[in-house]
Amino acid sequence: MSEGFASVTAPDAVPAGPVRAVAWSDGPVPGVRFLDQTVLPEREEYVVADTVDALVDAIGRLVVRGAPALGATGALGVAVVLLQAEREGWAAGRVGTEIERLRTARPTAVNLAWAVDAAAERVGRGAAAVLSFAHELIAADERANRALSALGADWILARTTRRPLRVLTHCNTGALAATAWGTGLGVARELNDRGLLAEVRVNETRPLLQGTRLTAWELAREGIPHVVQVDGATASAVARGLVDVAIVGADRVAANGDVANKIGTLGVALACRDGGIPFVVAAPWSTVDLATSDGGAIRVEQRADGEVLGFAGRRVAPAGSGADNPAFDVTPARLVDAVVTERGIVEPAAGPAQAAERFAELAP
Ligand code: MRU
C-alpha cells in the first residue's frame with residue numbers, strides 16, 4: 001500500500017471498463033480515488049485520498065499526474081476540503097487556506113489551479129454542488145480528449161504521406177494523465193482505430209519513467225504496437241527516418257504558443273524541426289493559458305535531486321554530486337507546428353501574429 005492514505009480500495013471494488021486514473025469514492029470516508037501511478041506497472045493499486053494532506057501528498061509524489069488528471073483532482077479535491085472541514089469542525093478561514101494548498105501542490109500544469117479556482121467559486125453552495133461541478137468537468141474533459149484526438153489525426157494525416165504512421169511520444173499523455181482516453185496518446189489511439197498506426201515509439205522519460213512505466217502499460221494492455229527508447233535516442237531515431245510525427249501533451253500553453261511540457265520535450269521538437277517532421281502538441285483548451293503571455297512567465301517545477309541521482313530507490317551517483325531536476329521545459333512557439341485542442345487547431349510555428357489571431361478566434 002502507498003504511504004499517506006486513509007484507505008485503499010480493493011481493485012475488485014473498482015468498476016470494470018476503461019482506465020480511470022481519478023474518480024470520486026463514496027466511502028467509507030469519501031475522497032478522491034486514484035490508480036496509484038507510482039507503483040504501475042508492477043501493481044494496479046487504488047488509493048483514496050480523503051484529507052487535504054493525502055491529496056497534496058498524492059499530487060507531489062505523482063500518484064496522480066498529467067495536466068487534465070490534475071485538473072480533475074483539483075475540482076474533486078475542493079469537495080474533500082469541505083467534507084473534511086465539516087468532519088473536523090474547522091475554524092473560519094481554514095477552508096480558504098487548505099484550498100490554496102491544494103491549488104499550489106504543483107505549479108506548472110495550469111489545469112490544477114484553473115479547476116480549483118472554478119470549484120472554489122461554488123464553495124458557498126456546499127460539497128454536493130462542488131462535486132456535481134467536478135463530475136461535469138470530468139465528463140467535459142473526456143469529450144474534449146476524444147474531439148481533439150479526431151482533429152489531431154485529421155491534421156497529421158493531411159501533412160504526412162507514409163501509411164501506416166510511426167509516432168514518437170514523450171512522457172504519458174494517455175488515459176492515466178487525463179480523465180479517460182488521453183490527449184497525445186489519444187491522437188495515437190485514434191490513428192490506431194482508423195488502422196493507420198504502425199507503432200508508437202515511447203520515450204522512457206527520465207527521471208520518473210512515465211514513458212516506460214505508464215505509456216507502455218497503456219499501449220500494452222490495448223495491444224498497440226510500441227517500442228520504448230531512452231530519451232537520448234530521440235534525435236537519432238528522427239535522423240534515421242524512423243519517425244513520421246511526434247505527438248506530445250502540454251502542462252501549459254502560453255498565449256504566444258510556447259508550450260511547457262515534460263523535460264525533454266524541447267529536444268524532441270528540435271529533432272523534429274531538423275528532421276522536417278511535424279511536432280504536434282495535443283491538449284484540451286483547459287491547458288491553454290491566455291493569461292500567460294509567453295513561456296518565460298511559466299513557473300517550471302523543480303523536483304528533488306534524488307530523482308536524478310538515484311535509480312529505483314537506490315543512489316547511483318557519488319556522494320558529492322548535486323543535480324538539476326526541472327520537471328518541465330518550454331518549447332518555443334516557432335518549433336510547435338500545431339497545438340491541437342477540442343476547439344480547433346493553432347499553428348504557432350506559422351508566426352506570432354497568426355497564432356495570436358487564431359487563439360483569439362478559438363477562445364470561448
Ligand atoms: O510530471 P508529470 O508526469 O505530471 O508530467 C506530465 C506531462 O508532462 C504531460 O505530458 C502533460 O501533463 C500532458 S498530460 C495529457
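## The second largest cavity

Leu-62, Arg-206, Pro-207, Leu-208, Gln-210, Lys-262, Ile-263, Arg-303, Glu-307, Asn-325, Pro-326 and Ala-327 line the second largest cavity. A cavity here is a set of points, on a 1 Å grid over the protein atoms alone, where a 1.4 Å probe fits but cannot get out, and lining residues have an atom within 4 Å of a point. Sorted by class, this lining has six nonpolar, two polar and four charged residues. For that sorting, Ala, Val, Leu, Ile, Met, Phe, Trp, Tyr, Cys and Pro are nonpolar, Asp, Glu, Lys and Arg are charged, and the others, Gly among them, are polar.

Its volume is about 50 Å³, where volume means the space filled by probe spheres set on the grid points, which are joined across faces, edges and corners.

## What you're looking at

This is a predicted model, so local features need pLDDT of at least 70 and side-chain atom pairs count only at pLDDT 80 or more, while totals for chains, interfaces and linings use all residues. Residues are numbered from 1 along each chain as its sequence is written, and side-chain values use heavy atoms, with hydrogens and water left out.

## The largest cavity

Searching the whole structure turns up two cavities of 30 Å³ or more. The largest holds about 190 Å³ of space. It has 23 lining residues, and Arg-65, Gly-66, Ala-67, Asn-172 and Asp-251 are the closest to its centre. Two elements, α2 and β10, each give two or more residues to this lining; helices (H or I, at least four residues) and strands (E, at least two) are DSSP runs numbered from the N terminus.

## The ligand inside

So where does the ligand sit? It's in the largest cavity, meaning that more than half of its atoms lie within 2 Å of the cavity's grid points. There are 17 residues around it, with Arg-65, Arg-106, Gln-210, Asn-261 and Lys-262 coming nearest; to be near, a residue needs a heavy atom within 4 Å of the ligand. This shell divides into seven nonpolar, six polar and four charged residues.

Now for the polar contacts (pairs of N or O atoms within 3.5 Å). Ligand oxygen atoms lie 2.8 Å from an N or O atom in the Arg-106 side chain, 2.9 Å from one in the Gln-210 side chain, and 2.9 Å from a polar backbone atom of Ala-67. Taken alone, the ligand exposes 420 Å², and the protein buries 100% of that (Shrake-Rupley areas with a 1.4 Å probe).

Definitions and conventions. Polar contact = N/O pair within 3.5 Å; in protein donor to acceptor, adjacent residues only side chain to side chain. 1 Å grid on protein atoms, 1.4 Å probe; cavity = no way out; pocket = protein on both sides within 12 Å on 5 of 7 lines; lining within 4 Å.
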